[in-house]
Amino acid sequence: MIPGVTITMGGRDWLVPPLTLGQLRRLMPRVRQLTEIDASMGAVQIGVLVEIITAALQRNYPDATAETVENLLDLGNAGTVLNAVLTGSGLRLRDRHLGEASAPGPSPGATPAIADQRSVEEARRVGDISMGSSLPLADTATP
């Protein structure tokens, strides 16, 4: 399995990996069509959302279809799943609008996959900048 984020959908855990560079190149124009993940989405935006998530899921679940994804997603989990795909791919959702502010924090049902150390390191690289290895400000400040 390709490392990603484990998300519960339809009573089952799914390991959602990031998009490949090829998928990202092909889907980037579609990603830009998304504005919000809420009840105001039209058929085109729902189709884009399903297409992006299906492409990512098929890396770990080759039998996943757009119909399967449509039946797993709802307004309660769609933003979380899309955030997992895009954040893992080096992109970010911003204030529930794509491309405008920082990524939202963890949502219920989403837990990082920490099956190996590489997954943890990848999560650190694609998320907000980690200060974990930096010295505390008090130790680095000069008078």
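1. In this predicted model, the axes of helix 1 and helix 2 lie 10 Å apart and pack at an angle of about 160°. Because angles over 145 degrees count as roughly antiparallel, helix 1 and helix 2 are roughly antiparallel to each other. Their crossing is left-handed. Helix 1 contributes Gln23, Arg26, Leu27, Arg30 and Val31 to the contact, and helix 2 contributes Gly47, Val48, Glu51, Ile52, Ala55, Ala56 and Arg59.

2. Val31 deserves a separate remark. This residue belongs to helix 1. Val31 counts as buried because its relative accessibility is 8%, and the cut-off for buried is under 20%. Between the C-alpha atoms of Val31 and Ile52 the distance is 7.7 Å, although 21 residues separate the two in sequence.

3. Which residues does Ile52 contact once its neighbours within four places in sequence are left aside? They are Leu19, Leu27, Val31, Leu34, Leu82 and Val85. Of these partners, Leu27 and Val31 are part of the contact that helix 1 makes with helix 2, while Leu82 and Val85 take part in the contact from helix 4.

4. Helix 2 also packs against helix 4. The two axes come within 10 Å and cross at roughly 50°, so helix 2 and helix 4 are oblique to each other. Helix 2 passes helix 4 in a left-handed crossing. On the helix 2 side the contact involves Leu49, Ile52, Ile53 and Ala56; on the helix 4 side it involves Ala78, Val81, Leu82 and Val85.

5. Is helix 4 mostly covered or mostly open? Helix 4, spanning residues 78-88, is mostly covered, with 10 of its 11 residues buried. Among the buried residues are Ala78, Val81, Leu82 and Val85, which also form its side of the contact with helix 2. Just after helix 4, Gly90 adopts a positive phi of about 95°.

6. The largest nonpolar core comprises 32 residues, and Ile52 and Leu57 have the most contacts inside it. Strand 1, strand 2, helix 1, helix 2, helix 3 (66-72) and helix 4 each give two or more residues to this core. Helix 2 (43-60) gives the most, with 8 residues.

7. Strand 1 and strand 2, both contributors to that core, form a hairpin with 2 residues between the strands. Strand 1 covers residues 5-9 and strand 2 covers residues 12-16; the two run antiparallel and are joined by 5 bridges. Met9 has Arg12 of strand 2 as its bridge partner. Within the hairpin, Gly10 takes a positive phi near 60°.

8. Finally, the chain as a whole. The protein chain has 6 helices and 5 strands, and from the N terminus the elements follow the order β-β-α-α-α-α-β-β-β-α-α. Of its 143 residues, 36% are buried. Counting contacts between residues at least 6 apart in sequence, 58% join residues at least 24 apart.

Technical notes
Residues numbered from 1 in each chain as written. Predicted model: local features only at pLDDT ≥ 70, side-chain atom pairs only at ≥ 80, totals over all residues. Heavy atoms only, no water. Buried < 20%, exposed > 50% of the residue type's maximum accessible area, 1.4 Å probe, protein only. Helix = DSSP H or I, 4+ residues; strand = E, 2+ residues; numbered from the N terminus. Pairing = 2+ DSSP bridges. Core = buried A, V, L, I, M, F, W, Y, C linked by side-chain atoms within 4.5 Å. Contact = heavy atoms within 4.5 Å. Axes fitted to C-alpha atoms, helices over the stretch in contact; angles between N-to-C directions. Parallel < 35°, antiparallel > 145°, perpendicular 65-115°, else oblique. Left-handed = near helix turned anticlockwise from the far one by under 90°.
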